[in-house]
Amino acid sequence: MELPESSLNHENSSNEVCLLKKSIYGLKQSGHEWNEKLDQILTSIGLERSRMDPCVYFSKDIILGVYVDDLLVTTSSVEAYVKFKSSIQREVDIKDLGEVSDLLSVRIKRNKESNLELDQTHYIEEILKEYGMEHAKEASTPLDPGMFTEGPEGKEACRAPYQQAIGNLLWLAGMTRPDIAYAVSYLSKFNSSPLQQHWNAVKHLLRYLKKTKDLKLVFSKTGKKLAAFADADWGSDKEDRKSYSGYIFVLGGAAISWCSRKQKCVALSTAEAEYYAMCEAAKEALWFTSFMEEIGVGDFKESPLKIYIDNQGAMFLAENEVVSERSKHIDIRHFFIRDLIKDGNLSFVYVPTEENPADLFTKNLKAPALQQNYTKLGLFILVRDFLRDRRISLSFGERKLERNCARGCPQGSCCGPILWNILVNTVFQEELPEGARLVLYADEQFLTIEAASRAKAEKCVGTSLQILSIWALSSMSPKLKPSALSLGT
């Protein structure tokens with residue numbers, strides 16, 4: 001910014017400054033001034049600012065999210081939206097971008113079943129391209145169990161943009177990909193002085209993202225209440241022997257809040273580590289309950305709210321006011337959950353470890369356990385997205401449409417097993433349109449959908465195929481390889 005020429009025409013001009021009548025872009029306080037202005041506008045038209053989240057405004061018919069000068073508006077009716085739009089237009093110039101489809105690198109889509117799908121496929125593709133990993137070999141887990149070696153290999157200093165890559169991954173992990181939350185949290189502790197082996201671990205994570213780039217959070221009307229899970233892995237950090245805590249909240253069939261974080265103090269037992277994780281989950285539960293009640297969303301949870309954990313010793317410590325040699329050293333701030341239980345706000349329920357998806361946030365799981373857990377969080381690859389790059393044949397009448405596999409898969413290595421697994425799922429039997437059938441030619445690796453009309457054939461791909469995880473599809477190896485398989489009529 002430069003002073004106007006008219007102010008530089010006298011002797012003392014070098015000692016003078018300009019007094020701005022209002023804030024402009026680029027100044028340190030510009031963001032704060034704009035937020036104050038926007039708050040005045042929104043409150044003047046009848047919206048109330050949330051005490052639990054200052055970036056959310058609400059009224060009886062509107063819930064509004066703010067990101068700088070972008071507003072995400074949800075209303076109970078079209079009339080309420082039109083009224084809000086006309087009210088704010090009288091104060092500032094706005095641009096209506098229509099129904100939201102892309103927000104902060106998150107693609108938002110509603111399908112015909114009114115399910116809400118959130119993904120960052122395009123963002124992942126940009127990351128892979130930025131770090132030269134778009135053609136890398138795919139990986140089945142976020143971290144390689146043998147990634148850090150004890151010898152000199154990989155001990156040299158890292159010259160790659162490590163911090164920048166971690167920043168990209170943190171954004172992804174916090175938005176739509178809870179399955180990489182532990183991996184990113186673990187790798188971020190090396191930000192100050194990364195080594196080459198740490199960069200290799202980041203590249204392994206990018207390879208995993210390449211394989212699972214189509215994973216998306218799928219929200220639907222399940223009729224189930226809010227479910228919360230908490231877990232801890234005792235002494236998992238080999239350097240300082242601190243434990244990792246993790247929690248996850250699921251509503252509408254998918255994850256809405258999650259966390260993977262190293263504990264700040266050393267736990268002396270598994271029960272103590274789990275107890276600390278329960279406290280972190282309890283704090284999030286209190287905030288989320290207050291937020292939902294404030295904006296007028298009721299009947300979303302059971303009373304008391306249940307948090308599922310897999311350690312009965314930690315449950316006993318929380319539910320009973322006892323002092324023992326193994327617990328008397330625990331900081332008093334962790335015991336507030338006893339009051340929450342006594343007041344009927346929270347309760348803790350035991351669940352076996354294999355049924356606790358929060359295990360995903362505390363350690364590096366092997367592929368089968370990883371797949372089992374993240375599908376419980378509402379993370380899926382829709383079959384229609386996965387098949388879009390593969391050779392598909394649609395037959396209706398005497399006409400046939402074919403689409404070649406863009407990946408150039410060798411016979412039997414990719415498309416054949418996956419399509420086989422799609423067909424062996426009997427969910428198709430009741431949902432195929434009348435007069436349609438699916439045929440798999442394993443030797444030629446393509447799926448034929450035969451139907452009397454083009455509309456019925458397309459319905460098999462667009463709506464009849466159920467939401468399935470890519471891991472569930474690829475984990476079964478077809479032992480039988482008939483020349484053709486048919487389902488339906």
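Contact here means that heavy atoms lie within 4.5 Å. The structure is a predicted model, in which local features need pLDDT of at least 70 and side-chain atom pairs count only at pLDDT 80 or more, while totals for chains, interfaces and linings use all residues. Residues are numbered from 1 along each chain as its sequence is written, and side-chain values use heavy atoms, with hydrogens and water left out.

Helices (H or I, at least four residues) and strands (E, at least two) are DSSP runs, numbered from the N terminus. Two packed helices are described by the angle between their axes and the distance between the axes. The axes are lines fitted to C-alpha atoms, for helices over the stretch in contact, and the angles run from 0 to 180 degrees between N-to-C directions.

In H3, Tyr-123, Ile-124, Ile-127 and Glu-130 meet Gln-164, Asn-168, Trp-171 and Leu-172 of H4. By class, this contact of H3 with H4 has five nonpolar, two polar and one charged residues. Here Ala, Val, Leu, Ile, Met, Phe, Trp, Tyr, Cys and Pro count as nonpolar, Asp, Glu, Lys and Arg as charged, and the others, Gly among them, as polar. The axes of H3 and H4 are 11 Å apart, at an angle of about 170 degrees. H3 is therefore roughly antiparallel to H4; angles under 35 degrees count as roughly parallel, over 145 as roughly antiparallel, 65 to 115 as roughly perpendicular and the rest as oblique.

Gln-120 is found in the loop between strand S7 (116-119) and helix H3 (121-130). With a relative accessible area of 2%, Gln-120 is buried; buried means under 20% relative accessible area, exposed over 50%, and partly exposed in between (1.4 Å probe, protein chains only). Leaving aside residues up to four places away in sequence, Gln-120 touches residues including Leu-104, Val-106, Trp-171 and Leu-172.

Helix H5 (residues 181-188) has seven of its eight residues buried, so it is largely enclosed by the rest of the structure. The cover over the buried residues of H5 includes helix H4 (162-175), helix H6 (196-211), strand S10 (244-251) and strand S11 (254-262). Tyr-182 and Tyr-186 are among the buried residues of H5, and together with Phe-190 and Tyr-244 they form one aromatic cluster.

The whole structure holds 10 aromatic pairs; rings of Phe, Tyr and Trp (its six-membered ring) pair if their centres lie within 6.5 Å, and planes under 30 degrees apart count as stacked, over 60 as edge-to-face and the rest as tilted. The pair of Phe-288 and Phe-300 is edge-to-face, because the ring centres are 5.9 Å apart and the planes stand at 85 degrees. Phe-288 belongs to helix H7, whereas Phe-300 lies in the loop between H7 and strand S12 (305-309). Both residues are buried.

Helix H7 (residues 270-294) also packs against helix H8 (residues 312-319), at an angle of about 60 degrees and with the axes 8 Å apart. H7 and H8 are therefore oblique to each other. Among the residues of H7 that meet H8 are Tyr-275 and Met-278, and Met-315 and Leu-317 are among their counterparts in H8.

Finally, Tyr-350 lies in strand S13 (residues 346-350) and is partly exposed, at 40% relative accessibility. Its contacts include Asp-310 and Met-315.
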